[in-house]
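Open the model in your viewer and keep the selection tool at hand. The stops below say what to pick next and what is there.

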Amino acid sequence: MSIQVFGIPVSRGVAIGRAVLVNSSRVDVAHYFIAEDQIEAEIARAISARDEVVRELETLKADLPSDAPHELAALLDVHLMLLHDEALTGATKQWIVERHYNAEWALSAQLEVLARQFDEMEDDYLRERKADLEQVVERILGALAREQGRNPVDAASVVQRDFAGEDPLLLVAADIAPADMMQFKRSIFHGFITDIGGKTSHTAIVARSMDIPAVVGTREASRLIRQDDWVIIDGDAGTVIVDPSPIVLEEYRFRQRQSELERARLARLRHKPAVTLDGEQIELHANIEMPADAQAAVDAGATGVGLFRSEFLFMNREGELPGEDEQFVAYRAAVEAMRGMPVTIRTVDVGADKPLDRMSAHELRHEHVLNPAMGLRAIRWCLAEPSMFRQQLRAIYRASAYGKVKLLIPMVAHLSEIRQILEITKKVQQQLTDAGHAYTNVELGVMIEIPAAAVMLPLLLRHVDFVSIGTNDLIQYTLAIDRADEAVAHLYDPWHPAVLQLLASSIAHARQAGKSVSVCGEMAGDPAFTFLLLAMGLRSFSMHPSQIPAVKQRILRADAGRLANYIQDVLNSDDPQRSAEFAFAAYRAESKLQ
Ligand code: PEP
Ligand code: MG
């Protein structure tokens, strides 16, 4: 029976495919396709891992002391029985043979199927056996990981995407951390659905950067959707249709084709300069997470990187955080890929919904802070970890010898923070000079994402070269709602008068002071806000590369001078969204635009 699940649209377009359910605690399990001639070997891997666990458990059972409670031996027997159960082993084999899943993926896919069956059991005793099954699967996954450590996967045998004859796959999970989402970049999935999350949670931001349809905050998709179900993701409306009827499927296939045509049409704007009808040159920069993303920025026609979220270099690491040299190599790679265009590197912004795998001793002490979004995040964390901060700054300054680098500090709220930063950057430059490292002039900017910073912007502007407005956090902190919490997602409102007033005044103050100002939050990449931001006087936007063409199209149709005439009405309105829609419709009619 077809059902619909409603969530928050975070990445546009339509995706149609089969559901791959992934348990949140197992999102880091490797998901890749194997080639036809690898099937036998992959089954052998799965069986040998299973046999290793059988041997482990048999040894454990044999070594049980004579006075051990008999429940222990009985439990080991249950686990051994599960290991030999066809429902686990036979079906795992089937996923490998029929779908060409790697052994780890096949095993966790089958676990999801069986776990659902256990959940539906009436009998309490049987229902509780799910935990045993999970433990057994974890053990096999452990054995596979050890084997993988000894024989890493041969990249050539991995079939990354579009395996011939395969249906597209859509990932369904209760929650995916931003760090895990990064693992899925360039992965086999054509769409994402999660139970948790808001429109500007970092998980949503990474999904958007992958430019595939995604819906978050569905609350119960992972409970309602079963492994392998046919699913449609409508990333524009935020709906998920499970087991669609043939008519609905056909309708969405049509929409999918339409949206692909539209994208192809927009892609032709790539080489067109972003200039308004009245000749205002607009900067369209890219937000990136990794140096490799710089190529997508160039391909999309970005004229610089307006936000390099450097914290993603610090995630998914087994051991130490990246040191100065490793970071330098990464920043230089991004700078070189941009071929002389500016690269704005934001210093590490961890905390809140982006925890590090390895927390510093200092942070561990604060692990149980009640309100991480207001805790030791971003610049606060950096100033609490001065040696890490100096390392990062040295790496950024060293990259400046290879192109134009700008330094951006997140979450500034106090002038004292800027004073400390200025002192530290001075010291770092001296250290580099002493060590004989080359660097050039690096402009210093701060992010405006805390209302306090927006309100006292004229004071801040005396000390910095540029500002970048992070609307994701500015909205979160102005309206006091957690951007990653779907329970308050309906209150996350970029059109709120307080948000618009802070935005408009920040842009105006920066312009008056003759300092450059950009917006790098998600509002910049949403064409619904392009006219509004131009009307406020914004001339520099930074967004995910995939959003550049749609925003550019708006810019090419805008007369920035005439749009500015409408802004006071919008700012004074009780209902700015309606007022803006009305004003811009009038503008279009007057300009004979569609
Ligand atoms: C923002 O807050 O708008 C921003 C760009 O930074 P991030 O989304 O990484 O917090
Ligand atoms: Mg932010």
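Start with strands β9 (residues 230–234) and β10 (residues 239–242): they run antiparallel and are joined by four bridges. Strands here are DSSP E runs of at least two residues, helices H or I runs of at least four, both numbered from the N terminus. Two strands count as paired if DSSP finds at least two bridges between them. Pick Ile233; Val240 in β10 stands opposite.

A word on the ground rules. This is a predicted model, in which local features need pLDDT of at least 70 and side-chain atom pairs pLDDT 80 or more, while totals for chains, interfaces and linings use all residues. Residues are numbered from 1 along each chain as its sequence is written, chains are lettered from A and ligands numbered from 1 in the order written, and side-chain values use heavy atoms, without hydrogens and water.

Next, select helix α16, residues 415–435. Its 21 residues reach 30 Å from first C-alpha to last, close to the 30 Å expected (1.5 Å times one less than the number of residues). Which residues of α16 are buried? They are Glu417, Ile418, Ile421, Ile424, Thr425, Val428 and Leu432. Buried means under 20% relative accessible area, exposed over 50%, and partly exposed in between, with a 1.4 Å probe and protein chains only. Look down the axis of α16: the buried residues fall within an arc of 125°, so they line one face. The arc is taken from the directions between the helix axis and the C-beta atoms. The face turned away carries exposed Arg419, Glu423, Lys426 and Asp434. Among the elements covering the buried residues are α12 (324–337), α15 (386–399) and β15 (443–448), with contact meaning heavy atoms within 4.5 Å. Gly436 follows α16, with a positive phi near 80°.

Last stop: the magnesium ion, ligand 2. Glu449 (OE) and Asp473 (OD) coordinate the ion at 2.0 to 2.2 Å. Glu449 sits in the loop between β15 and α17 (451–455) and Asp473 in helix α19 (residues 471–479), so the pair ties together parts 24 residues apart in sequence. Donors are N, O and S atoms within 2.8 Å of the metal (3.2 Å for Na, K and Ca); water is not among the atoms, so sites may look incomplete. Both Glu449 and Asp473 are buried.
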